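Please open the model in your viewer and keep the sequence beside it. The tour goes from one selection to the next and says what is found at each stop.

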Amino acid sequence: MREKDTDTQSVDWESEFLELVERRLGIAIPPRRYRATIRPYLEQWSLEIGLDGPATLARELGRLTTKHPNFSRLVNVITIGETAFFRHPSQIQAIRAFLVAYYAKVKRPLAIWSAGSSTGEEPYSMAMLLHELGIPGDVLGTDLNAESISAAQTGDSYGSWSVRNCGPQEVEEYFERTNENFIVKPVIRNRVAFQRQNLVSDEPARPAIGRKWDLILCRNVFIYFSKNVIVNVLAKFTRVLAQHGAVCVGPNDLLIGLKIPLSKGVGDREALYFHQSHATKRVGREATPVPRNGSTAGRTSDLIVGSATYSDIVGLLEDNLHTLAKDGLEEYVRLNPSDAVAQVTLGNIWLKEHSYERALQLYRSAIRSDRKLAEPHYFCGVCLRKQGKLAEAEVSLRASLSLSARFWPAAYLLAGIFERNQNPLAAEMELERAEKILMEDDGKTDLFHSAAHIVQSAHGLPETVLLAVRQRLSGLRKHRSNLEVTPT
Ligand SMILES: C[S@@+](CC[C@H](N)C(=O)[O-])C[C@H]1O[C@@H](n2cnc3c(N)ncnc32)[C@H](O)[C@@H]1O
């Protein structure tokens, strides 16, 4: 009798719990998955926090708001292997369109990799798409979870929840039915292979020798990874992705702000990314030596701001996501008040927005943090010049040149101030200095990266500046020779 009571109670709390999950998360957990993973997890979790069992824990969870950390933990557990055939239908449409156009171009069998394939619904859906479109090709599904891989390999125990996005025609065409289950037909199963693989630590999967993947799906996996891990995994993908192939991430896998070696091809919710020249440009830019003295900038790039690194933030800047970068940098500078490079970089954002006072504040604090840096003096000069404070600007620009004699932008700007102050001889001297530097080594200064970037966007390439310098010099010289020949 006692036993029977316990059983009835157990059924009660479990069905209440499953109902709760369905109502609040919209996820119906299949019984097999519940028994295999969720129930043991709840047991372990309840012990861990000193409760008398999973029933009490489940009831406690039912009382929490969705924002409570324990509720979020539950969401993570529930969603870890969540998947479905033809999941995210608008992405499936975009993938269908991509496959048609791509196959028309390459005209050979395609290789598709579903990375983080869970129990197989995603790779089987890709095989179904290939079948529907009459495109030859194979699919590989990989996952960290060995149980998921073996469930995927049998392909015979999908419930109605898994096939909720399939129309009656697709169900008819691709599945055999038993009372409870949907079984993937051999014509589809034969096109899909599975293997266990850890995306983070293993080498990326490869298709047949000499081939690369035409499409890599990695959907709803990144939600569990840190930003750095995501970037590393995407970099692995690019090594094995065919030249015009695509990577598809989940619509909720936000890659905004990450410096990724791929470029966005199709809209936000469709989230298809491509290999292309943009990627090559980024790699080149990363290879550019950044720090001047190897100390300040090198140290900065490894520090963490929340979960974003300084280089993540600079990545935002390079993508012209200034507002996001500014917020990230404000936080970074608050946490690292003596980081001169970060202060100058943030100052430059304010400068671009014409907020000269805030920019000056940052440059001045950069000068206090690192007395040897020429850049903050130069940018102080730029702000002061913009504010019409020519005498103060002159002092800052001279300071910058005394710290770095090859800093032609300071000489160039100083020349302009001398011209405004009716001092053409001094202007000529500064322009000659700029000309000399610009002719040697293509005008390479040893500016740190973000400063070089802003100088280039203000003045153009060194060869353009050299032309402008020469024009101004010839104007000044002509003017001087006119004065010299004018009879007194
Ligand atoms: C939410 S499921 C996504 C399934 C499928 N991609 C989809 O979108 O429907 C996430 C899957 O990622 C797998 N996963 C998590 N970390 C992984 C890793 N480091 N390597 C490979 N797979 C991983 C999990 O085991 C889980 O099956």
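At what angle do helix H15 and helix H17 pack, and how far apart are their axes? To find out in this predicted model, select residues 340–352, which form H15, together with residues 375–386, which form H17. The two helices pack at an angle of about 20°, and their axes are 10 Å apart. Because angles under 35 degrees count as roughly parallel, H15 and H17 are roughly parallel to each other. Their crossing is left-handed.

Stay with this pair and show the side chains where the helices meet. On H15 the contact is made by Ala340, Val344, Gly347, Asn348 and Leu351, while H17 contributes Glu375, Pro376, Phe379, Val382 and Cys383. Coloured by residue type, the contact of H15 with H17 divides into seven nonpolar residues, two polar and one charged.

Next, select the ligand and the residues around it. The ligand is surrounded by 22 residues, of which the closest are Thr83, Gly116, Ser118, Leu144 and Leu199. If you apply the colouring by type here as well, the shell around the ligand divides into six nonpolar, eleven polar and five charged residues.

Finally, zoom out and select the whole protein chain, in which there are 22 helices and eleven strands. The protein chain has 488 residues, and 38% of them count as buried. Among contacts in the protein chain between residues at least 6 apart in sequence, 64% join residues at least 24 apart.

Key:
Residues numbered from 1 in each chain as written. Predicted model: local features only at pLDDT ≥ 70, side-chain atom pairs only at ≥ 80, totals over all residues. Near = placed C-beta within 6 Å. Nonpolar A, V, L, I, M, F, W, Y, C, P; charged D, E, K, R; others polar. Axes fitted to C-alpha atoms, helices over the stretch in contact; angles between N-to-C directions. Helix = DSSP H or I, 4+ residues; strand = E, 2+ residues; numbered from the N terminus. Parallel < 35°, antiparallel > 145°, perpendicular 65-115°, else oblique. Left-handed = near helix turned anticlockwise from the far one by under 90°. Contact = placed C-beta atoms within 7 Å. Buried ≥ 20, exposed ≤ 12 C-beta atoms within 10 Å, placed from the backbone.
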